[in-house]
Amino acid sequence: MIRGENITLRVVQEQDLETLFRYYSDLDNRGEFFPLWLPSEAVFKHDFHQHGFWREHRGRLVMVDQANVILGSIWFYQPMRYFDALEIGYLLFDRGSRNKGYMTEALA
């Protein structure tokens, strides 16, 4: 767990799956640069149960507020096997939570 002043980053828990799937399936939650793919619920849950969205070169954390309400998600991945670097992706689900510095805090 990584605790900040306003948010906490933590691993995805099983009780998060329904909420996360609903958020990822809602295209209105995405900014203009976020890919427009729609996840399969079966694959989404299978990936969680296989490895908890956490492997050697990729991982996903949820961002929660002080009441443990999911605000967004942040993930890292290795874009090419021959790269040493990792890329970071993120999504703040609730439009009302945007422009409050949460993602800036999460990335720091």
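A residue is called buried when its relative accessible area is under 20%, and exposed when that area is over 50%, with partly exposed residues in between. The structure discussed here is a predicted model, and this scale guides the reading of its residues.

Because its relative accessibility is 6%, Arg10 counts as buried. Its surroundings, leaving aside residues up to four places away in sequence, consist of Met1, Asp16, Leu61, Val62, Val64, Asn68 and Ile70. With Asp16, Arg10 forms a salt bridge in which the closest N and O atoms are 2.7 Å apart. Asp16 has a relative accessible area of 4%, so it is buried. With Asn68, the side chain of Arg10 makes a polar contact at 3.2 Å, side chain to side chain.

Asn68 itself lies in the loop between strand 4 and strand 5. Its relative accessibility is 42%, and therefore Asn68 counts as partly exposed. The backbone of Asn68 has a phi near 65 degrees, a positive value in a residue other than glycine. Phe53 also has a positive phi, of about 60 degrees, although it is not a glycine. Phe53 is placed in the loop between helix 2 and strand 3. Since its relative accessible area is 9%, Phe53 is buried.

Val64 counts as buried because its relative accessibility is 2%. Beyond the residues up to four places away in sequence, Val64 touches Asn6, Ile7, Thr8, Arg10, Val69, Ile70 and Leu71.

Attention now turns to helix 1, residues 17-25, in which Leu17, Leu20, Phe21, Tyr23 and Tyr24 are buried. These residues cover an arc of only 160 degrees around the axis, which means that they lie on the same side of helix 1. An α-helix has 3.6 residues a turn, so residues three or four places apart point the same way. The buried residues of helix 1 pack against helix 2 (41-51), strand 4 (58-64), strand 5 (70-77) and strand 6 (87-92).

Helix 1 and helix 2 are also linked through charged side chains. Side chains of opposite charge can pair when their charged atoms come close. Glu18 forms a salt bridge with Lys45, the closest N and O atoms being 2.6 Å apart. This pair joins distant parts of the chain, with Glu18 in helix 1 and Lys45 in helix 2, 27 residues apart. Lys45 also meets Glu41 in a salt bridge, at 3.1 Å from N to O. Glu41 and Lys45 both lie in helix 2, four residues apart, or about one turn of the helix. The structure holds three salt bridges.

The surface also carries a nonpolar patch, formed by Leu27, Leu36 and Leu38, with about 320 Å² of accessible area together. Leu27 is found in the loop between helix 1 and helix 2. Its relative accessibility is 38%, so Leu27 counts as partly exposed. Leu27 and Val64 are 37 residues apart in sequence and 21 Å apart in space, C-alpha to C-alpha.

Terms used. Residues are numbered from 1 along each chain as its sequence is written. This is a predicted model: local features need pLDDT of at least 70, side-chain atom pairs count only at pLDDT 80 or more; totals for chains, interfaces and linings use all residues. Side-chain values use heavy atoms; hydrogens and water are left out. Buried means under 20% relative accessible area, exposed over 50%, partly exposed in between (1.4 Å probe, protein chains only). A polar contact is a pair of N or O atoms within 3.5 Å; within protein, one must be able to donate a hydrogen and the other to accept it, and residues adjacent in sequence count only if both atoms are side-chain atoms. Contact means heavy atoms within 4.5 Å. Helices (H or I, at least four residues) and strands (E, at least two) are DSSP runs, numbered from the N terminus. The arc is that of the directions from the helix axis to the C-beta atoms. Patches are made of residues with over 30% relative accessible area and no salt bridge: like charges are joined within 9 Å, nonpolar side chains (Val, Leu, Ile, Met, Phe, Trp, Tyr) within 5 Å. Accessible areas come from the Shrake-Rupley method with a 1.4 Å probe; for residues, only the protein chains shown count as cover. A salt bridge is a side-chain nitrogen of Lys or Arg within 4 Å of a carboxyl oxygen of Asp or Glu.
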